[in-house]
Amino acid sequence: VSLGADDDFGLGVAHRAEEAGALHVLGYLLRASSNVGEALRHLLRYQRLMQDAAVPELSAGPDEVRVAWRERDPAWWMPRHAIEFGIGTVLLLTRRATGKMFCPRRVELRHPRPSNDGAARRLFGCELRYEAPLHAVVFASADMELSLTTADPLLLRILERHARELEARLPPQRSFTVEVRR
């Protein structure tokens, strides 16, 4: 994936970020977790360390787990490349940590289908639904139990404490509209 291809910019950055071990404390939390489900719970719990434009919603059924993001302020949509970068990076880091090429069941994106979605289809490896009500990724429930080869319970406790300390230093959350009016 080329960073120069505008249509694939977010996906290209995801590949580069995965190669560089991105997401700072969140990336380390992911890698230190015991399995995919625990890694996702940590990423969702502390995602505000990377962005606070969207609120995560996790729902689990008997066969699948759905992670969705609802924009904090309905007046502002997360840019397409930002959401593709986020979902792509997490998927690539998780694949690396498990050593398995697992794929979500589907990825739901609010934006319209781009003229060429080949890079997204290759990266995600699943059904892509465009113009969805929310950005979401749906996994098979069984994938949540995939072990991470990088799991480290002691490091995980240290990283969780560090993430809580970082989170405590963040300013109060305000909507985009409130910030513009200030």
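In which loop is the place of aspartate 117? In this predicted model, aspartate 117 sits in the loop that runs between strand 3 and helix 5 (118-124). Its relative accessible area is 7%, and because buried means under 20% relative accessible area, aspartate 117 counts as buried. When neighbours within four places in sequence are set aside, the contacts of aspartate 117 are with Leu128 and Tyr130. Leucine 128 lies 11 residues from aspartate 117 in sequence, and the C-alpha atoms of the two are 9.1 Å apart in space.

Five strands form an open sheet in the order 1-2-5-3-4, and their pairing is mixed. Strand 1 (54-60) and strand 4 (127-129) are the edge strands, each of them pairing on one side only. On average, neighbouring strands of this sheet are turned by 15 degrees against each other, direction ignored. Strand 1 and strand 2 run antiparallel and are joined by seven bridges. The two form a hairpin, with three residues between them. Within this pair, glutamate 57 has alanine 68 of strand 2 as its bridge partner. Further along the sheet, strand 3 (residues 106-108) pairs with strand 5 (residues 135-140) in the antiparallel sense, over three bridges. Here valine 107 has valine 137 of strand 5 as its bridge partner. In a regular strand, side chains alternate between the two faces of the sheet.

Helix 2 (residues 24-32) is mostly covered, with seven of its nine residues buried. The buried residues of helix 2 are Val25, Leu26, Gly27, Leu29, Leu30, Arg31 and Ala32.

Arginine 48 is placed in the loop between helix 3 and strand 1. The relative accessibility of arginine 48 is 19%. Since the limit for a buried residue is under 20% relative accessible area, arginine 48 counts as buried. With neighbours within four places in sequence left aside, arginine 48 is in contact with Leu170, Pro171, Pro172 and Gln173.

The volume of the largest pocket is about 460 Å³. This pocket is lined by 21 residues, of which Gln47, Trp69, Gly86, Ile87 and Val90 are the closest to its centre. At least two lining residues of the largest pocket are supplied by each of helix 3, strand 2, helix 4 and strand 5. Helix 4 gives the largest share of this lining, with eight residues. By class, the lining of the largest pocket consists of 17 nonpolar and four polar residues, with no charged residues.

Note on methods
Residues numbered from 1 in each chain as written. Predicted model: local features only at pLDDT ≥ 70, side-chain atom pairs only at ≥ 80, totals over all residues. Heavy atoms only, no water. Buried < 20%, exposed > 50% of the residue type's maximum accessible area, 1.4 Å probe, protein only. Helix = DSSP H or I, 4+ residues; strand = E, 2+ residues; numbered from the N terminus. Pairing = 2+ DSSP bridges. Axes fitted to C-alpha atoms, helices over the stretch in contact; angles between N-to-C directions. Contact = heavy atoms within 4.5 Å. 1 Å grid on protein atoms, 1.4 Å probe; cavity = no way out; pocket = protein on both sides within 12 Å on 5 of 7 lines; lining within 4 Å. Points joined across faces, edges and corners; volume = space filled by probe spheres on them. Nonpolar A, V, L, I, M, F, W, Y, C, P; charged D, E, K, R; others polar.
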